[in-house]
Amino acid sequence: MFSKATLKERRQYYREEWSTKDLPDFILKDLKKREFGFDHNGKGPNDRYKVFRGRESLKKFLRYKAPFAAYISVAFYNNPRRREDWQKAEYIFDVDAKDIPIRTCQCDGVCEVCLGQALEIVNSLIDTLQDDLGLNNIHLVYSGRGYHIRILDEEMMTSGSELRSEVLKYVAGAEVPKSNFFNPDISNKSFNFEHFSIPVGYSKIFTDKLKYNIQHLVGNEELDEINPKLMKDIIKYRHHLDNDNWGYFKRDIGPRRYKNLTEAMARVNLSTIDAKVSIDLKRILRLPSSLHSKVSMKCMEVKNRETFDPLQEAVPKFVEERGE
Ligand SMILES: [Zn+2]
């Protein structure tokens, strides 16, 4: 498992296992307005500007080429073949398990533990997107090594990079709240979307993530602002947070060092998500249903995000047949 797929295995996957039924509806809708990109030899997607009229022509291509990787644009164009006349683009949160800064597993690539952690993180992001921002056209895709949250609400689809970046910082918990760490109800921030405006509790988002990070620290993370002595004390006193005793925790850490800790964690939160992907209006992303050949896993839409287990659901048949 997690090893590279051979050309023979790729062919087997696209000829015997892949089906047009595996393409999610949100991908099939307006398919011909999207740009496709392919990586045929594992060196990156250099076969770009491809367009398909429908699922059957895509099927033919995939069966014939069995690409190393297949991608589709987040953008919709009137002229996708030239990437011209941009109309709108999905809004994306990309969480790769191997890039999570605080990982309890300490593995080199990805494993069951960090994939599980990535799912916890995307679930909390989706909760915030839905509950605080009122977005509801949200699709979760397992990418093969992590997750893509793909948002198709019109308010976000037609927005530019600036709003995307603002929303990212909010949802990720990328800024230390100005005041009132301990009272989630007091410090509120509100967003002005073109079509709706909802006051939301940023402090709670930040505090929840702060707690999550502190509880997942292993102790050997290298974070600016956190020296070895502070790291030791955070781990020593984090038991206070089991009962949300932030007052005791802050007292034992000390106010100045507590400030250092919150600033470090704001940066950790931002680096958990690939911000470049979120603000990019023309990005291509792995096609759901396609094969992630580097790790021999299926990229696929997640139907039930509470119970999804990639090691059960995203393993192609040829991996089982390897009999490792
Ligand atoms: Zn891991």
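This is a predicted model: local features need pLDDT of at least 70, side-chain atom pairs count only at pLDDT 80 or more; totals for chains, interfaces and linings use all residues.

Analyst: Residues are numbered from 1 along each chain as its sequence is written.

User: Into which domains is the protein chain divided?

Analyst: Domain bounds come from an automatic or database domain assignment. Here, domain 1 covers 1–160 + 281–316, and domain 2 covers 173–273. The C-alpha centres of domain 1 and domain 2 are 31 Å apart.

User: How do I read the open sheet, and what is the order of its strands?

Analyst: Strands (E, at least two residues) and helices (H or I, at least four) are DSSP runs, numbered from the N terminus. Two strands pair if DSSP finds at least two bridges between them. This open sheet has four strands in the order S2-S1-S3-S11, and the pairing is antiparallel. Strand S2 (47–50) and strand S11 (284–286) are at the edges with a single partner strand each, so one side of each has no neighbour in the sheet. On average, neighbouring strands of this sheet are turned by 25° against each other, direction ignored.

User: How many bridges join S1 and S3?

Analyst: Strand S1 (residues 36–39) pairs with strand S3 (residues 69–73) over four bridges, in the antiparallel sense. Phe36 stands opposite Ile72 in S3.

User: How do I read two packed helices?

Analyst: Two things describe them: the angle between their axes and the distance between the axes. Axes are lines fitted to C-alpha atoms, for helices over the stretch in contact, and angles run from 0 to 180 degrees between N-to-C directions. Take helix H8 (residues 228–237) and helix H9 (residues 246–253): their axes come within 10 Å and cross at roughly 150°. That makes H8 roughly antiparallel to H9 (over 145 degrees; under 35 is roughly parallel, 65 to 115 roughly perpendicular, the rest oblique).

User: Which residues of H8 and H9 meet?

Analyst: Residues are in contact if their C-beta atoms, placed from the backbone, lie within 7 Å. Asp233, Ile234 and Tyr237 in H8 meet Phe249, Asp252 and Ile253 in H9.

User: At what angle do H7 and H10 cross?

Analyst: The axes of helix H7 (residues 202–216) and helix H10 (residues 255–272) cross at roughly 95° and come within 10 Å. H7 and H10 are therefore roughly perpendicular to each other. Lys209, Leu210 and Asn213 in H7 meet Thr262, Met265, Val268 and Asn269 in H10.

Methods. Two residues are in contact if their C-beta atoms, placed from the backbone, lie within 7 Å.
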